[in-house]
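Here are my notes on the model. Please read them with the structure open beside you.

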Amino acid sequence: MFKRAVFALFLLLFAVLSPAQVWGSSYQKCAVNSSCVLGEFLYDDSYVPITNAVCTINGRDPDNAVFLNNQNAPHVNDGWYAKTVSTTGLSVGIYPTKLCCVTGGQTLCIDKTFSIDEPDLTQSSVDNAVTSIKGGANLDITQVATSVAMVQTSVNNAVTSIKGASNKDLSEVSTDVGGVKTTVDSISSAMGTLVADIWSNSTNSFNTLVNSIWTNPTRELTSANITGGQIATASGVASAVTSIKGASNKDLSEVSGQVAGVQTSVDSMSVVVNNLSLQVSTVSAKADTLLGKWGTYSIADIVSGLSTITNNIGNIGDTCLSGNTIMARSQCLIDKWGSQTAGSVYSAAVNAQSAAESLRTELDYNGKSTTAYQDIQTLNTNLNLVSGLLGSSSDSALTATIFGRIKKVEDNVESLNTSGTGLTNLLAKWGDYSAADIFDKVKDLSSQISAVNTVDNVSAILNKVDTSANDLEQLKNTVLSLKALVSVNQQLLEKTANKPIVQSWLEEGSIIFKNLITNPSTTTRQSVSLKFYLPREATQKDIMVVDPGLSVVYDPSQDALEVSGEFDLDPKETKIVSVEVTDVWKIEDSEINALKNQETELFEPLKGTAYFAQGTTLKSDIEVSLEKISRLQRDAKTPEARILAYREGEAELTKVNGEINDLKTLVTSLSSNKSMFGFVGGSQLLSVWGMVMVMVAGFVFLGLLIKKVSSTKEKPTEMAVFDKLTVATSKKLSAEILAVVVLLVVMAVGMVGYYFLIRKDDGISDKAGSLVVPTETPIPSPTATIIPTPTPTIMVEQKEINLNSPKQVLGISTDEPTKSVVTASEITIINVRSKPSLTASIIMKVKVGVVLQKVSERGDWIEVKISALKEGILYKTGWINKSLLIGS
Amino acid sequence: MEGALIFISGLFLPMFCYLAEQVVPKPEVVEEIFKFILVYFLVKFIDHGKSRIGLALKLGASFVITETLFYFVNFYLLGRPEIVVIRILVTLSLHVLTYLILINGIISRKTIYYLISLSFAIVCHFLFNYFLRG
């Protein structure tokens with residue numbers, strides 16, 4: 001049975017695997033474009049060829065159309081009947097054909113179906129074809145393919161080369177060129193009239209253009225050496241500005257204002273005196289004429305002339321502002337320089353006015369009497385006296401006339417300006433001179449100032465130089481106090497006479513806030529209220545010495561210490577009172593060095609990582625900032641400059657701390673990518689060691705537990721243990737399948753929830769299963785709340801005036817960045833975006849209540865300072881919608 | 001006592017993983033191999049009860065507790081407490097599932113099933129990480 005089956009199977013396999021020829025003859029094949037003979041031999045039962053049969057042939061083409069219709073197939077010989085068919089023009093395919101022969105009343109039909117095929121390939125024809133394909137180059141397909149590949153590479157290279165850096169194909173280039181051509185054409189057509197348009201433009205002439213450029217607030221000078229062709233950097237300009245400001249830290253407008261104030265005052269007085277002199281000359285000439293023609297003039301003529309004279313002289317009640325009379329102008333002189341200098345002028349004018357009144361009365365009652373003649377002589381004498389007291393514009397500073405006084409004041413102004421400039425320059429180049437040189441210069445300047453000084457009781461300042469030959473600190477304080485004295489003298493020249501002057505300055509030691517209060521009046525005792533605020537950094541514990549008469553109290557409204565006092569000053573009395581404060585305006589070198597070390601340590605692990613570039617940038621920024629802090633402190637020659645440098649340094653320090661945090665974030669992120677507990681690297685050292693201790697303790701505990709378990713309990717056999725879990729019941733299996741399904745569902749729900757609730761919201765990259773922390777750990781930047789230091793005020797005679805500009809505290813800038821406080825009524829987390837748009841990516845989130853520093857504003861968006869690492873990019877600013885902020 | 005040992009060993013497993021990942025930074029492979037080793041020894045030497053699901057749940061929960069403890073620093077930094085909940089939910093599911101796979105492989109006591117279960121657990125872990133990372 002088995003053998004049969006094997007045999008049958010063998011047959012079956014043979015049948016299946018045999019070629020088609022095994023199953024029967026294939027159709028007769030005819031080549032295209034040839035002749036094909038269709039025929040058959042006919043034999044009788046005795047195998048004798050039949051020669052008299054009538055044979056016809058019928059056939060159809062592959063499309064089933066009649067191809068041969070009862071065509072005769074004649075007998076050829078030996079019983080062979082055949083028909084030759086031409087295949088020229090016939091299509092390839094099967095031609096069903098039947099040959100039917102009639103012989104002896106019998107009809108016999110035979111299938112003669114044939115196929116027209118392509119001629120079989122011969123080796124020679126293949127060779128010829130191959131030769132033909134190879135062609136003259138005699139290359140096979142592989143070689144051709146290689147050549148084509150090379151050509152393709154060349155073409156690609158050529159295309160890349162043609163495209164160039166812009167990576168544009170010819171059509172794009174053509175488009176661009178077309179665009180450029182259009183632009184050039186339009187420019188070309190516009191150029192023809194460009195010059196004429198500019199010249200003829202009424203509102204945008206070259207002059208306006210130059211003015212617009214020149215007055216542009218963001219324009220920068222092209223360096224101090226403008227002919228050098230260098231473009232100054234912002235820091236260069238800032239440095240130049242600092243240099244220009246000098247130790248006084250006053251900008252040019254302030255300095256110019258102060259100098260101009262004095263100069264304007266002198267100029268205005270010069271104008272007053274010139275006008276007064278001219279007026280007196282005119283009136284005096286009139287009086288001379290009346291006196292000379294006393295005999296010929298009628299009373300009416302004399303009264304008319306006298307009216308002109310009295311109108312010019314004015315009245316006793318005239319003030320400096322009330323008119324242009326001699327009395328009013330004399331009063332101007334008194335107001336400015338006091339009665340001592342201009343009093344005699346005023347008295348003579350009063351006498352002239354009195355004589356004129358007496359003359360008019362006499363003329364009214366007695367006519368041209370002898371008394372009247374004496375009166376006009378008296379008038380003339382007084383007018384000549386006024387003229388003599390005024391002097392002439394050619395008088396020298398030593399001449400005891402008003403013009404001489406003006407000359408002297410002008411000389412004093414120039415001398416004070418020279419001294420002030422000399423002191424400023426000396427401070428600016430403080431480090432360049434030796435103590436001896438400084439001593440000599442200070443002594444010279446002190447002598448110059450002493451020569452023009454009009455403030456009494458300041459010998460303590462002027463003689464200080466004699467006691468501080470080698471003490472640079474004392475010398476610097478002398479320079480600072482001399483500068484203050486120059487300023488007081490300038491104010492005395494500028495301001496109305498007899499008004500108290502208060503001048504504040506800072507000296508070295510700790511930091512000494514000094515105030516000079518002077519009463520320039522020679523006759524009046526005056527009360528002066530002094531009030532100013534210490535810089536906000538100073539606290540009560542920093543106050544070292546407070547002079548009698550001063551009190552220091554905290555003013556909560558200004559969040560600063562207020563220094564105040566009341567002083568009664570005798571005529572010409574000057575007082576100098578001071579408050580000495582510990583120098584808290586210094587960033588210690590140790591702190592700077594510590595930050596440098598921290599930066600170096602944090603940068604070290606970033607080497608050779610993807611964060612190296614960012615780390616290098618941060619490191620560079622930090623080093624520049626720290627160097628800037630050192631330079632600012634080094635270059636600060638005066639206490640004011642030091643306080644300014646401290647504040648600027650503090651801002652830099654805040655920036656450095658932020659960048660140190662950024663470096664920490666980078667290091668943390670680096671660790672996070674390396675291991676699943678990488679974020680621990682960003683934690684405190686204590687946490688890391690704590691974790692190590694817990695691990696060690698855990699291992700010990702585990703070991704002890706295993707030991708206890710193995711010693712106190714009979715160890716179950718391996719089989720028994722395994723059997724416990726392998727006892728599978730259908731109930732157990734169902735529970736397990738159910739558990740797996742539940743777990744999968746929970747995972748799916750959790751992952752979807754995670755994606756939609758968190759990941760999609762803020763793009764957090766998290767790999768929870770592997771415990772790898774997100775690559776971003778945005779840390780809100782530390783924000784310093786900067787409290788503005790109040791504007792210092794000095795109370796003088798109950799009238800509060802600003803001592804300095806609103807941005808200055810004793811010459812110290814109080815500029816502060818604007819702050820914005822994040823708030824929201826219904827939400828607790830606010831998105832900070834990379835751009836001012838709701839579609840921009842979220843770079844970090846901040847909690848409500850965080851104080852951020854505002855950088856700029858655009859529409860409904862506020863740009864704030866942050867520090868966040870997102871997808872390898874360090875963001876230093878971000879955008880928050882304005883509606884979510886307060887204080888914006 | 002054995003229950004406590006199982007739980008504590010599960011708690012400390014991430015520590016070993018941490019050390020190993022310093023050398024081989026492939027968390028899904030390292031963690032699953034360590035899980036396999038732990039389950040093998042627990043099943044072989046400790047009286048762990050009769051419930052495979054219970055054992056997987058104990059080990060998975062203990063693993064997640066340690067993970068979450070260390071990860072908590074980041075929740076604080078991000079200020080997103082909801083992450084804690086979601087993270088615990090999904091990672092607990094993953095670790096219980098992979099423990100269950102490993103337990104079923106180990107109790108078969110055949111090497112081929114050991115390898116299959118370990119491979120399957122690694123693949124599950126990898127897919128989980130892959131999809132969650134996006």
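1. Chain B holds 5 helices and 0 strands. Helices are DSSP runs of H or I with at least four residues, strands are runs of E with at least two, and both are numbered from the N terminus. From the N terminus on, the order in chain B is α-α-α-α-α. This is a predicted model: local features need pLDDT of at least 70, side-chain atom pairs count only at pLDDT 80 or more, and totals for chains, interfaces and linings use all residues. Residues are numbered from 1 along each chain as its sequence is written, while chains are lettered from A and ligands numbered from 1 in the order in which they are written.

2. Chain B has 134 residues, and 49% of them count as buried. Buried means 20 or more other C-beta atoms within 10 Å of a residue's own; 12 or fewer is exposed, in between is partly exposed, and C-beta atoms are placed from the backbone. Take the contacts in chain B with a separation of 6 or more: 68% come from residues 24 or more positions apart. A contact needs C-beta atoms, placed from the backbone, within 7 Å.

3. Now the cores. The largest nonpolar core has 101 residues; among those touching the most other members are A:Val345, A:Leu390 and A:Ile402. Such a core is a set of buried Ala, Val, Leu, Ile, Met, Phe, Trp, Tyr and Cys residues joined through C-beta atoms within 7 Å. A second, separate core of 38 residues includes B:Tyr18, B:Phe36, B:Leu55 and B:Ile101.

4. Look at α12 (402-428) and α13 (435-452) of chain A. Their axes come within 9 Å and cross at roughly 160 degrees. So α12(A) is roughly antiparallel to α13(A), a label for angles over 145 degrees. Axes are lines fitted to C-alpha atoms, for helices over the stretch in contact, and angles run from 0 to 180 degrees between N-to-C directions. Residues making the contact include A:Leu416 and A:Leu423 of α12(A), and A:Leu445 and A:Ile449 of α13(A).

5. Chain A also has an open sheet of 3 strands, ordered β2-β6-β5, with antiparallel pairing. The edge strands are β2 (35-41) and β5 (75-77), each pairing on one side only. Strands pair if DSSP finds at least two bridges between them; β2(A) and β6(A) have 7. A:Gly39 has A:Ala82 of β6(A) as its bridge partner.

6. Last, A:Asp471. A:Asp471 lies in the loop between α14 (459-462) and α15 (472-494) of chain A. Why is A:Asp471 partly exposed? Because A:Asp471 has 13 other C-beta atoms within 10 Å.

Key:
Angles under 35 degrees count as roughly parallel, over 145 as roughly antiparallel, 65 to 115 as roughly perpendicular and the rest as oblique. Two residues are in contact if their C-beta atoms, placed from the backbone, lie within 7 Å.
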